[in-house]
Amino acid sequence: MSNQPSSQSPDQSPAAPLRKPRVAVVFGGRSSEHGVSVVTAASVLRAIDRSKYDVLPIGITADGRWALTADEPDRMGITDRKMPSVEQVRDHEGAVVLPVDPGNREVVYSEPGSVPKALGEVDVVFPMLHGPYGEDGTLQGLLELSGVPYVGSGVLSSAVGMDKEYMKRVFTSFGLPVGPYTVIRPREWEKDPSAAHARVVGFAADHGWPVFVKPARAGSSMGITKVDRVEDLDEAIEQARRHDPKVLIEALLRGREIECGVLEFEDGPRASVPAEIPPVTAHDFYDFEAKYIDSAEGLVPAPLTPEQTARVQELAVQAFDAASCEGLVRADFFLLDSGEFVINEINTMPGFTPISMYPRMWQESGVSYPELIDLLVRAALRRSTGLR
């Protein structure tokens, strides 16, 4: 089967019957953001245009098994402040297999003791995975080997977008402003934690307390601790290491939290209206519970001057290009008291529920949630896999 991009279904020809492109919505995964991914996928399953696309929901369990799941988004929500899981919507105990064969996009379902069943071909994958083992280039590499187009950034860009240290190094090399940070690598902490501790204390002496201690390769504000005093530093490092053995320490940047969405159109990436995350009074900072459990409200659009809006939009697109991103990105900034914007990070698969900041920014920019999904799927169908 050809992997060339087309505005029609990839197997469509004069002799072939018309059919809708088939979209596999893949969600769940092995990271600590498993539940967030399930919630995100539920929103996409509700909103994707079924008159344009056939949809195949595929869940990845917390231990990494690919499973056939029910197309029932109402079972995939937050209940009693508890996050959902793939197991809640898993249909059977069998496994879903995506062939690693660029000439065969047919997904197969197999159960022990039964003949494998073909589930049909997949034209594009919408990977609604957050965190490692999905958003970090690993799934993207599998899809490249399989020759299946997918929504979002490729292997390198996804990996850079996940690893906050190398993300900042890329931004710095392109002249984008970043805040002060330092990194504790796994072997450093395991070999000589006292020396690593002392180096972070020195960093805090230079830039001031508090500091933020976070996993270098995680998202959704998981594992992050705001540390106000040296006595709490080691516990915060260990908390971050529960999510990632590499730990990032950032200085506190005093200013406003501003976000901006970037979306790839046929003529290139464009920036949305920006949003602002106001101070969260019930939380020490904009942490996981503030984002997903208590649904802290952001301001869309952000109350910025026209000049500030234009500047943050310019920086967001520059960050998208610097990391060679595709499809979509949410870029997060601080607007310092000095008036300077500093980029904190990008997210190559941001939260994607209708109340998440990325869709809300595009809604305010004139792109509805179903239209946003359609634009992303069509962009993926236009691209071939492989070097590009």
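1. A search of the whole of this predicted model finds 0 disulfides. The sulfur of C260 has its closest cysteine sulfur in C325, at 13 Å, which is too far for a bond, given that a disulfide requires sulfur atoms within 2.5 Å. C325 is likewise in no disulfide, with the sulfur of C260 as its nearest cysteine sulfur.

2. Both cysteines are shielded from solvent: C260 is buried, with a relative accessible area of 0%, and C325 counts as buried at 8%.

3. Helix α9 covers residues 306-322, 17 residues in total. From its first C-alpha to its last it reaches 24 Å, close to the 24 Å expected at 1.5 Å a residue. S324, with a positive phi near 55°, follows the helix.

4. The buried residues of α9 are T309, V312, L315, A316, V317, A319, F320 and A322. Their cover includes one helix, α4 (164-173), and the strands β12 (255-265), β13 (268-271), β15 (328-336) and β16 (341-347).

5. The largest nonpolar core has 35 residues, of which V25, F27, F126, M128, F352, I373 and V377 touch the most other members. At least two residues of this core come from each of β1 (22-28), α1 (34-47), β7 (124-128), β12, α10 (357-364) and α11 (369-382). The largest share, 8 residues, is supplied by α11.

6. Leaving aside residues up to four places away in sequence, M128 touches V25, V26, F27, S37, T40, A41, V44, M349 and F352.

7. Another core, of 25 residues, lies apart from the largest one; M167, V170, L315 and F320 are among its members. In soluble globular proteins, nonpolar side chains tend to be buried together.

Technical notes: Residues are numbered from 1 along each chain as its sequence is written. This is a predicted model: local features need pLDDT of at least 70, side-chain atom pairs count only at pLDDT 80 or more; totals for chains, interfaces and linings use all residues. Side-chain values use heavy atoms; hydrogens and water are left out. Buried means under 20% relative accessible area, exposed over 50%, partly exposed in between (1.4 Å probe, protein chains only). Helices (H or I, at least four residues) and strands (E, at least two) are DSSP runs, numbered from the N terminus. The expected span of a helix is 1.5 Å times one less than its number of residues. Contact means heavy atoms within 4.5 Å. A nonpolar core is a set of buried Ala, Val, Leu, Ile, Met, Phe, Trp, Tyr and Cys residues joined through side-chain atoms within 4.5 Å.
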